[in-house]
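This report describes a predicted model.

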Amino acid sequence: MKDVSPRHGSAEPGPLSCYSPIHRMGSLLFFAFSWWSILLRIVAIIHFIRRRPDMFWLWIILIHWMGALVYIAVEVIPDAGLARQSFKVFPRRRRIQELESAILDNPSAGNYEELADLYLEEGKYARARQCYDKAISSRTDSPDPFYRRGVAALFMGDFAAAITDLERVVKQDPKYDFHRAAALLAHAYANTGEPAKADALFQEVTKISTSSETYYNYACFLASQQRTAFAREWAQRILDKKPTMPGYLRRRERPWFRKAEALLGRLPKSA
């Protein structure tokens, strides 16, 4: 029988030579590289969904992994400054727990007011109002707790209660919180069937303030009064600020840009 076994020292490749270390390393690198490109896209898409920047970024992310990398460099990394705010949640909640315990032994106005401010930042408006009620006494002359209690009432939809506090603040200081107190008072008037007061105060505030919140509330008021052309104008003013804004402000203002776009989409184009 003829010997077909490979001879000692033969240079002929064996049947498993295609699985050489070099080929295996190349396969591993390709596999790892593919997963990194997928991971980059996932990170970019999650950020896109949460922050919703310009729509063209989605196509850039999907077309190539380099597009996802560019998106992360241009949009995700600069947003890290805004993300730092979220890390304040944990010390704030720890401070809330400390104050809740401290109030049992020392129910002072200062403790209640600080706790109310923290609840307001957390979006717990009902608890904030309760604490402001206990912090405010007949001797309280600072507008701050009245203003913040009014804001809490406003976000709870209790516009009548908000008016009482905000009127007090605006009477004491018309420019309080960079005119936001007056703008929120106008918004409260608009939601309590006092359109004349709302319109007059909105017109006064918008001569000075460039707040997107104020512009949006004014546009919503105008839309409710069937003044569609003016409503579109004030909603568009929010979007007109976008091209000239620094990047960090543009990222911070995105919720108002989305609201303005949604309002424009609901309004008829001809009035």
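## Lining of the largest pocket

Five helices, α6 (109-122), α8 (143-155), α10 (180-190), α12 (212-224) and α15 (254-266), each supply at least two residues of the lining of the largest pocket. Helices are DSSP runs of H or I with at least four residues, numbered from the N terminus. The greatest contribution to this lining comes from α8, with six residues.

The largest pocket has a volume of about 1100 Å³. Of its 29 lining residues, Phe155, Arg180, Glu213, Arg252 and Trp256 are the closest to the centre. On a 1 Å grid over the protein atoms alone, a pocket is an open set of points where a 1.4 Å probe fits, with protein on both sides within 12 Å along at least five of seven lines; lining residues have an atom within 4 Å of a point. By class, the lining comprises 11 nonpolar, seven polar and 11 charged residues.

## Packing of α8 and α10

The axes of α8 and α10, fitted to C-alpha atoms over the stretch in contact, come within 11 Å and cross at roughly 35°. Tyr147, Val151, Leu154 and Phe155 of α8 meet Arg180, Ala181, Leu184, His187 and Ala188 of α10, contact being heavy atoms within 4.5 Å. These residues divide into seven nonpolar, one polar and one charged.

## Confidence and conventions

The chain averages a pLDDT (the predictor's confidence in each residue, from 0 to 100) of 83, and 75% of the residues score at least 70. Over residues 8-12 the pLDDT is below 50.

Residues are numbered from 1 along each chain as its sequence is written. Local features need pLDDT of at least 70, side-chain atom pairs count only at pLDDT 80 or more, and totals for chains, interfaces and linings use all residues, while side-chain values use heavy atoms, without hydrogens and water.

Definitions and conventions:
Points joined across faces, edges and corners; volume = space filled by probe spheres on them. Nonpolar A, V, L, I, M, F, W, Y, C, P; charged D, E, K, R; others polar. Axes fitted to C-alpha atoms, helices over the stretch in contact; angles between N-to-C directions.
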